[in-house]
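Reader: I have the sequence and the model open. Take me through some of the labels, and tell me how each was reached.

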Amino acid sequence: MSVIKDCGGHKGCECEKEKVHRRLCWALVALVLLTLFIVLVVWLALRPHKPRFYLQDLSVLCLNVTPPASAYLFTTMQATVSARNDNGRVGVYYDKVDVYAQYKDVAITVPTRLPVEYQGHYDQSVWSPFLQSLDHVVLPPNLAVALAQDETAGYVLVDIRLDGWVRWKVGTWISGHYHLRVNCPALLTVNGGKGSYGVNYGGGDGYFRFQQAAACAVDV
């Protein structure tokens with residue numbers, strides 16, 4: 001004699017399905033929360049600190065503009081910039097990083113590309129690129145006048161900028177690209193702070209002197 005088990009009818013079967021679906025949903029939610037928790041722990045443990053940049057020196061070989069006759073700027077300078085990776089578990093790839101000089105937010109040299117470089121844990125790199133205007137820099141008339149006035153007064157403030165892309169490396173994993181922006185202010189004395197007395201000689205050995213090495217503002 002066979003026994004037929006009653007599952008409670010159609011409504012009872014639907015109830016069982018709802019319980020199964022509910023359990024699957026809770027399991028999925030728990031899995032997502034666990035994954036997010038693991039990602040958070042890993043990020044807090046390994047989150048990369050921004051590299052630290054320092055402008056160590058700026059040698060100005062020539063900086064010449066003669067308004068109002070001409071707004072063409074002729075300059076050649078060499079910047080010495082260092083970068084330190086303060087991460088103990090994260091390496092840094094420097095990709096396509098350009099260096100150039102600015103005066104009052106206007107570029108006064110063409111970009112110079114730094115070589116691609118990998119920086120290991122607690123490692124430090126030093127670059128000394130030459131920055132030149134070549135024949136491509138024409139200042140707005142008001143900036144040409146302002147630069148000549150600053151030289152006459154004996155002090156010129158320029159900014160050394162780095163703009164490019166970095167990647168983080170943790171073990172064998174390498175991240176995507178992050179935009180790197182660095183600004184290094186540089187105060188130059190002109191003729192020992194005496195200025196050019198209205199005559200722009202354009203430079204020479206010791207005519208422009210970099211005052212003090214300083215930390216740079218870094219944004220990634």
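Author: Start with strand β3, which three antiparallel bridges join to strand β6 (residues 117–119). In β6, glutamate 117 is the bridge partner of tyrosine 94. This is a predicted model: local features need pLDDT of at least 70, side-chain atom pairs count only at pLDDT 80 or more, and totals for chains, interfaces and linings use all residues. Residues are numbered from 1 along each chain as its sequence is written, and side-chain values use heavy atoms, without hydrogens and water.

Reader: What makes β3 and strand β5 (residues 112–113) a pair?

Author: Two strands pair if DSSP finds at least two bridges between them. β3 and β5 have two, in the antiparallel sense, so they pair. Aspartate 98 stands opposite arginine 113 there.

Reader: Why is β3 called largely enclosed?

Author: 12 of its 13 residues (91–103) are buried, so the rest of the structure largely encloses β3. Buried means under 20% relative accessible area, with a 1.4 Å probe and protein chains only.

Reader: Why is asparagine 183 called buried?

Author: Its relative accessible area is 19%. The limit is under 20%, so asparagine 183 is buried.

Reader: What makes the link between the side chains of asparagine 183 and arginine 161 a polar contact?

Author: The distance is 3.3 Å. A polar contact is a pair of N or O atoms within 3.5 Å; within protein, one must be able to donate a hydrogen and the other to accept it, and residues adjacent in sequence count only if both atoms are side-chain atoms. The 3.3 Å value falls within 3.5 Å, so the label holds.

Notes:
Buried < 20%, exposed > 50% of the residue type's maximum accessible area, 1.4 Å probe, protein only. Helix = DSSP H or I, 4+ residues; strand = E, 2+ residues; numbered from the N terminus.
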